Amino acid sequence: MDFLAEGFRRAWALLVAGDAEVYGIALLTLKVAIVATVVACGVGLPLGYFLATRRFWGRRAALTVVNTALAFPTVVVGLLLYGLLSRRGPLGGLGWLYTWQAIVIGDVLLALPIAAALSAAAIQGVDARVRRTAETLGAGPWRTAWTVAREARFALAAVITAAFGQVVAEIGAAMIVGGNIRGSTRTLTTAVALYTSQGDFGLALALGLVLLAMALVVNVALQALQGRGSG
Amino acid sequence: MVELRGVRHRYEGRLVLDLEHFAVRDGALLAVVGHNGAGKSTLLRLLALLEAPTEGRVLLDGVTVPRRAPAALRRRVTLVEQRPILFRGTVHHNIGYGLRARGVGHAVADRMIGEIVERLGLGPLLSRRRHELSDGEVQRVAVARALAVRPDVLLLDEPVSSADRASAGALYRALAAERAARPLAVCFASHQLEDAYRWADDIRALADGRLSPVTPENLFRVELPTGGGGSDTMKRVRVGGIEIAVMTDRTGPVVLAVPPTDIFVSREPLPSSARNVLAGRVTGMAIERRGAGVHVTADVGVELVAVVTAEAARDLALAPGSPVVFSFKASAVQVF
């Protein structure tokens with residue numbers, strides 16, 4: 001019990017003191033998470049809309065692929081990406097292995113199926129009359145998509161939250177392609193794993209609390225947005 | 001003019017529409033009648049260029065429309081669905097939707113919205129949102145939203161299904177006013193013959209996805225006399241070469257409808273309470289594509305169609321040319 005209490009005390013002290021390492025790691029994690037979420041949703045939401053609304057040959061297969069990718073193990077994605085980015089890999093020339101950009105790519109690969117599959121489900125849940133009505137009133141494809149998305153805004157906000165949650169909590173890919181380098185690619189999850197294994201429970205706990213706070217803030221912010229948009 | 005040619009439309013392999021030719025001509029006021037599931041809504045969606053037919057072509061002013069109709073073509077035909085849906089936002093926002101989609105400026109849009117709002121009496125609803133409206137109000141807003149974009153063709157799917165009779169009248173009068181002000185073709189689907197005959201210039205009947213000759217054929221435009229030949233409400237009117245007994249208070253020009261299912265079919269006149277007993281010969285028989293009904297057409301002085309079960313048709317040994325007697329009560333005759 002003392003061990004736990006001592007851990008919390010140290011965590012609190014680190015947070016209150018504005019420990020540079022803790023906040024440095026938190027900022028990097030936030031940067032990676034925001035960039036990866038924006039890219040994954042920027043591609044995934046339109047892809048989900050396309051899969052939900054267009055009838056084309058192979059659509060069912062595409063949906064199956066996307067849904068299967070939801071369960072892709074993070075370490076496997078990390079491993080494949082490592083193979084691509086390592087010096088002998090096809091993308092080795094970029095020199096991105098063990099950089100924050102590599103973590104972003106891994107996170108995008110993991111969050112993209114979430115954004116696409118869940119947004120496709122969300123769009124499919126919108127009454128078909130919404131799209132038909134927009135089209136019969138003369139809306140072009142973009143306005144129609146926007147109108148349908150507005151009707152599914154609660155579900156789409158949940159999709160963005162889920163994608164952010166995946167990115168911020170992911171550890172496998174970040175560890176493998178990021179390398180957990182101090183001051184450069186150490187994110188909250190990789191740091192928590194490292195400090196726990198090194199026995200620095202207090203620091204690990206402090207970082208864990210920051211991670212929790214980050215998830216909480218994002219959820220509260222999205223809920224506030226949803227509340228404003230009712231009616 | 002929007003038209004369908006050689007259209008066969010399927011949903012998951014099931015044929016739902018089979019039309020050699022169907023057209024809504026410029027300035028037409030056309031009603032499509034048929035029971036639920038007859039294919040009316042599908043027909044309207046094809047005419048609205050929202051779906052491409054599985055087989056066949058849709059033409060706009062004689063030019064074939066591509067399978068994915070571009071917005072520029074879709075903008076000429078506007079559909080109001082059977083249970084219309086309003087977008088998020090106020091009634092004003094909804095009515096202006098199509099105008100914004102066309103890039104109409106605020107000032108012009110507001111003027112156009114104002115005109116249509118006045119015509120449909122929607123002024124008090126302008127700032128309301130969809131959950132603050134009754135079904136009938138939603139329907140009127142949807143019609144206003146469709147009229148605001150001034151389409152060449154307006155398609156209405158069961159426009160009065162959720163409205164009371166008074167607001168139905170208001171709706172049709174508003175459409176008449178709109179048609180008086182500018183060229184506008186209207187095609188509406190209805191399962192109520194009464195609406196079709198009261199408001200449309202022309203009627204097409206749809207059954208099992210095909211144009212059906214049945215419904216319009218038991219309809220007769222007549223002039224009902226004042227007074228009447230029998231009691232106060234029993235009137236005898238001449239239709240072609242025969243007289244039909246009708247129970248009604250109405251006088252003047254009306255449409256009489258004899259529902260094919262209300263006609264009692266026999267080989268010889270039978271004693272019964274039916275005031276209309278008409279003898280003739282079978283001229284045609286058609287088996288319904290679904291269900292067990294047989295449409296028996298007979299010349300009894302006029303052409304009438306009755307629906308009997310396949311079993312009854314067999315028992316009576318009905319065949320083209322065979323003698324037949326059609327009986328129906330005076331009260332079965334509907335007056336529109």
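Visitor: What conventions apply here?

Guide: This is a predicted model, in which local features need pLDDT of at least 70, side-chain atom pairs count only at pLDDT 80 or more, and totals for chains, interfaces and linings use all residues. Residues are numbered from 1 along each chain as its sequence is written, chains are lettered from A and ligands numbered from 1 in the order in which they are written, and side-chain values use heavy atoms, with hydrogens and water left out.

Visitor: How many helices and strands are there in chain A?

Guide: Chain A has 11 helices and zero strands. Helices (H or I, at least four residues) and strands (E, at least two) are DSSP runs, numbered from the N terminus.

Visitor: What does the C-alpha trace of chain A span along its principal axes?

Guide: The C-alpha trace of chain A spans about 65 × 50 × 25 Å along those axes. Of the 231 residues in chain A, 45% are buried. Here buried means under 20% relative accessible area, exposed means over 50%, and partly exposed lies in between (1.4 Å probe, protein chains only).

Visitor: And which residues does chain A contact within itself?

Guide: Among contacts in chain A between residues at least 6 apart in sequence, 73% join residues at least 24 apart. A contact means heavy atoms within 4.5 Å.

Visitor: How many salt bridges count between chain A and chain B?

Guide: The count between the two chains is two salt bridges. A salt bridge is a side-chain nitrogen of Lys or Arg within 4 Å of a carboxyl oxygen of Asp or Glu. R132(A) forms one with E81(B), with the closest N and O atoms 2.7 Å apart. That pair crosses from helix 6 (residues 128-136) of chain A to the loop between strand 6 (77-80) and helix 3 (91-95) of chain B. E81(B) is buried, at a relative accessible area of 11%. E151(A) and R130(B) also meet in a salt bridge, at 3.0 Å from N to O.

Visitor: What does R129(A) pair with?

Guide: R129(A) forms a salt bridge with D127(A), their closest N and O atoms being 2.5 Å apart. R129(A) counts as buried at 16% relative accessibility, whereas D127(A) counts as partly exposed at 30%.

Visitor: How many salt bridges does a search of the whole structure find?

Guide: One in chain B joins the side chains of R45(B) and E51(B) at 2.8 Å, N to O. R45(B) is buried, with a relative accessible area of 14%, and E51(B) is partly exposed at 22%. Salt bridges that share partners also join R8(B), R10(B), D18(B), E55(B) and R210(B) into one network.

Visitor: Where do R8(B) and E55(B) stand in relation to each other?

Guide: E55(B), in strand 4 of chain B, is the bridge partner of R8(B). Five bridges join strand 1 (residues 2-11) to strand 4 (residues 55-60) of chain B, and these strands run antiparallel. Two strands pair if DSSP finds at least two bridges between them.

Visitor: What order do the strands of that open sheet have?

Guide: The open sheet of four strands in chain B has the order 2-1-4-5, with antiparallel pairing. Strand 2 (14-24) and strand 5 (63-64) of chain B stand at the edges with a single partner strand each, so one side of each is left without a neighbour in the sheet.

Visitor: Which domains is chain B divided into?

Guide: Chain B is divided into domain 1 (2-212) and domain 2 (219-335), the bounds coming from an automatic or database domain assignment. Their centres, taken over C-alpha atoms, are separated by 34 Å.

Visitor: Finally, how do strand 17 and strand 18 of chain B pair?

Guide: Strand 17 (residues 293-299) and strand 18 of chain B pair in the antiparallel sense over seven bridges. D299(B) stands opposite E303(B) in strand 18. The hairpin of these strands has three residues between them, and G301(B) takes a positive phi near 110 degrees there. Strand 18 (residues 303-309) of chain B is mostly covered, with five of its seven residues buried.
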